[in-house]
Amino acid sequence: MTHPALTDPDQLVFSGGGLRCFWQGGFLDRLGQDRTYRPKRVTGVSGGALAGAAWLTGNGRRLLDIMCDAFEQRDSNLDLFAADSDGITPHQRLYCDVVSEVLDDSAQEAIANGPQFQILIAHPPETGAPTLTGTALALAYEAELHTVNAPHFNWAEKMGLTARLIDANQAARDGQLAALVNAAAVIPPVFEPPLWDNARVVDGGMADQAPLPEPDEGCSLILLTRRYKRIPDVPSRVYLCPSDEVTADKIDFTDPAKLRRTWDEGARDAEVLLTDKTAASEIIAQQSCA
């Protein structure tokens, strides 16, 4: 039996994962050649917020090309002894520049008039040192990620992290879509926490790697970017994951070839899902038919 979330999902969730999210782009690009998805609600977090916005606006391949072009200009992620105008890392400027170019006026208009789109952002506790606090939260997140090994978790929240879904449609109408997508992907200390609604933000993926929308209704297709050992068994959800570890590193901004290979890996996994029911079990992390 084919789960309805695979053919006509009510909700589409873009997990975080930094540059691994290009797997989602390649996957949906290939899937879109055979299936047309028109979800009522879409959510994204971290790099998945950008992947979701690119998919909704038909800019997936354009995002890939622009990001690859940006990476051609750098041969190092970190240089403690030769800092330039970016400081010791170029990540935040490069990411923000790419986001602003891809999510231009026409993309904002498409989001403003499209299906419900929500983006998860997170706020560190007020300590007066948001970068240090965010770094501690990031360490807690990484520890839980490898210990619990599930897309939904709560260790960082126990340390004071709060998270909320932001209306990306309204942000687009206000001309703030790029700022919101940037705010969703802030990993201290590589990124400095910016402000959103006068409060510091850090990567929403520290709170939940696969946030469901509000309201959470109907069947959901959840696109992960890595394999997890513990996936919730919820009848209305299908979790999909790469069949193998993707080529791209989460925050390696120096190798455009890795991005293109990751896109191609997503496309190949979509091909398998469409044509080989036996091999598709490697991609479907969890599904339950109600």
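Q: Is phenylalanine 27 buried or exposed?
A: This is a predicted model, in which local features need pLDDT of at least 70 and side-chain atom pairs count only at pLDDT 80 or more, while totals for chains, interfaces and linings use all residues. Residues are numbered from 1 along each chain as its sequence is written, and side-chain values use heavy atoms, with hydrogens and water left out. Buried means under 20% relative accessible area, exposed over 50%, and partly exposed in between (1.4 Å probe, protein chains only). With a relative accessible area of 0%, phenylalanine 27 is buried.

Q: How many aromatic pairs does a search of the whole structure find?
A: Rings of Phe, Tyr and Trp (its six-membered ring) pair if their centres lie within 6.5 Å; planes under 30 degrees apart count as stacked, over 60 as edge-to-face and the rest as tilted. By this rule the number of aromatic pairs in the whole structure is 2.

Q: Which kind of pair do the rings of phenylalanine 14 and tryptophan 55 form?
A: The ring centres of phenylalanine 14 and tryptophan 55 are 6.2 Å apart. Their planes stand at 45 degrees, so the pair is tilted.

Q: How many residues apart in sequence are the parts that phenylalanine 14 and tryptophan 55 tie together?
A: Helices (H or I, at least four residues) and strands (E, at least two) are DSSP runs, numbered from the N terminus. Phenylalanine 14 belongs to strand 1 (residues 11–14) and tryptophan 55 to helix 3 (residues 47–56). Phenylalanine 14 is buried at 0% relative accessible area, whereas tryptophan 55 is partly exposed at 25%. The parts tied together by this pair are separated in sequence by 41 residues.

Q: Which kind of pair do tryptophan 23 and phenylalanine 27 form?
A: Tryptophan 23 is buried, with a relative accessible area of 0%. Both residues lie in helix 2 (residues 22–31), 4 residues apart, or about one helical turn. The ring centres of tryptophan 23 and phenylalanine 27 are 4.9 Å apart and their planes at 25 degrees, so the pair is stacked.

Q: Which element gives the most to the lining of the largest pocket?
A: On a 1 Å grid over the protein atoms alone, a pocket is an open set of points where a 1.4 Å probe fits, with protein on both sides within 12 Å along at least five of seven lines; lining residues have an atom within 4 Å of a point. The largest pocket holds about 360 Å³, a volume being the space filled by probe spheres set on grid points joined across faces, edges and corners. Of its 26 lining residues, those closest to the centre are Ala51, Ala54, Trp55, Leu56 and Gly60. With 6 residues, the element that gives the most is helix 3.

Q: How many of the 10 residues of helix 3 are buried?
A: The buried residues of helix 3 include Gly47, Leu50 and Ala54. Helix 3 is largely enclosed by the rest of the structure because the number of its residues that are buried is 8.

Q: Is serine 46 buried or exposed?
A: Serine 46 lies in the loop between strand 2 (41–45) and helix 3. Its phi is positive, about 55 degrees, although it is not a glycine. At 4% relative accessibility, serine 46 counts as buried.

Q: Is asparagine 198 buried or exposed?
A: Asparagine 198 has a positive phi of about 65 degrees although it is not a glycine. The loop that holds asparagine 198 runs between strand 5 (195–196) and strand 6. At 74% relative accessible area, asparagine 198 is exposed.
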